[in-house]
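Please open the model in your viewer and keep the selection tool at hand. The stops below say what to pick next and what is found there.

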Amino acid sequence: MSVENILWEKFNITGRDFKNAGSVSIKIKEILKQVGINSSIVRRVAIATYEAEMNVVMYANKGILNFSLSPEKIEINVEDEGPGIEDIELAMQEGYSTATEEMREMGFGAGMGLPNIKKNADEFEISSEVGKGTKVGIIINLKKET
Amino acid sequence: MNTEIKYACGSDLMSDVLAYFKPGSLLLTGLTNIQSVRTADIAEVKAIVYVRGKRPDKDAVDLAIKLNIPLLSAKCMMYEACGLLYSHGLPGVGEKSKG
């Protein structure tokens, strides 16, 4: 099945809801599989989305994840209301983490989240305002750029 | 259960699973909560072995059934479980598959 039409969906993410953390990403993964997206692309989208979703659950009060699919690309935009990131450059370094004990018990907070997102994305954007929240933009191309 | 495993890796850090695992791997972990199963699904891990005699909690089991991911439990420590599988020819995710 080929992808002709643009798919668009908005998901809410609740902060500290560890029981459901990651379920949005699993839903997106299922959608992409259903429309027949190449499995290695599905995996990259799933990993990047999951890390972004986990960041909202772990650090923010709540967040919105916008997902869109066009014939050219998959776009994921995550915007949260939370503490924000003071030093983005530092947060992007592998191994740097401000995770609490609770987050580490969940198997997260190893300081790999943002670098993992960047690694799997073709385009990655992050902006943050301390005390307000963080925005993360992820683009994964479906067609090779000409 | 009829699943072919090509690689295995042990980790209690879920972000490392996402960063380093190859699709179709076996995950050995001591993390028994629901995130072990969600992470496995996202990273396309074929099956999970809980080490140190640990057993997954109910939420993890329920989700694994839904996502069709086999869960196993081994009494031995992480190092021993990995060593046993490795010595029987199952390569790590950093190596080329022998099959």
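Throughout this tour, contact, or touching, means heavy atoms within 4.5 Å. This is a predicted model, in which local features need pLDDT of at least 70 and side-chain atom pairs count only at pLDDT 80 or more, while totals for chains, interfaces and linings use all residues. Residues are numbered from 1 along each chain as its sequence is written, chains are lettered from A and ligands numbered from 1 in the order in which they are written, and side-chain values use heavy atoms, with hydrogens and water left out.

**First stop: where the chains meet**

Colour the two chains separately and select the residues that join them: 23 residues of chain B are in contact with 27 residues of chain A. The area buried between them (the accessible area, with a 1.4 Å probe, that two parts lose on being put together, summed over both) is about 2,000 Å², and carbon and sulfur atoms give 54% of it. Now pick Leu18(B), Arg38(B) and Ile42(B), which supply 32% of the area that chain B buries against chain A, more than any other three residues.

**Second stop: Ser15(B)**

Select Ser15(B), which lies in helix 1 of chain B; helices here are DSSP runs of H or I with at least four residues, strands are runs of E with at least two, and both are numbered from the N terminus. Which residues of chain A does Ser15(B) touch? Leaving aside residues up to four places away in sequence, Ser15(B) touches Glu51(A), Gly107(A), Phe108(A), Met112(A), Gly113(A) and Asn116(A). Its relative accessibility is 2%, so Ser15(B) counts as buried, where buried means under 20% relative accessible area, exposed over 50% and partly exposed in between (1.4 Å probe, protein chains only). The side chains of Ser15(B) and Glu51(A) make a polar contact at 2.9 Å, a term for a pair of N or O atoms within 3.5 Å of which, within protein, one must be able to donate a hydrogen and the other to accept it, residues adjacent in sequence counting only if both atoms are side-chain atoms.

Next select Asp41(B) and Lys29(A), whose side chains meet in a salt bridge (3.4 Å, N to O), that is, a side-chain nitrogen of Lys or Arg within 4 Å of a carboxyl oxygen of Asp or Glu. Both Asp41(B) and Lys29(A) are buried.

Within chain B, select Asp12(B) and Arg52(B), which form a salt bridge with their closest N and O atoms 3.1 Å apart. This pair links distant parts of the chain, 40 residues apart.
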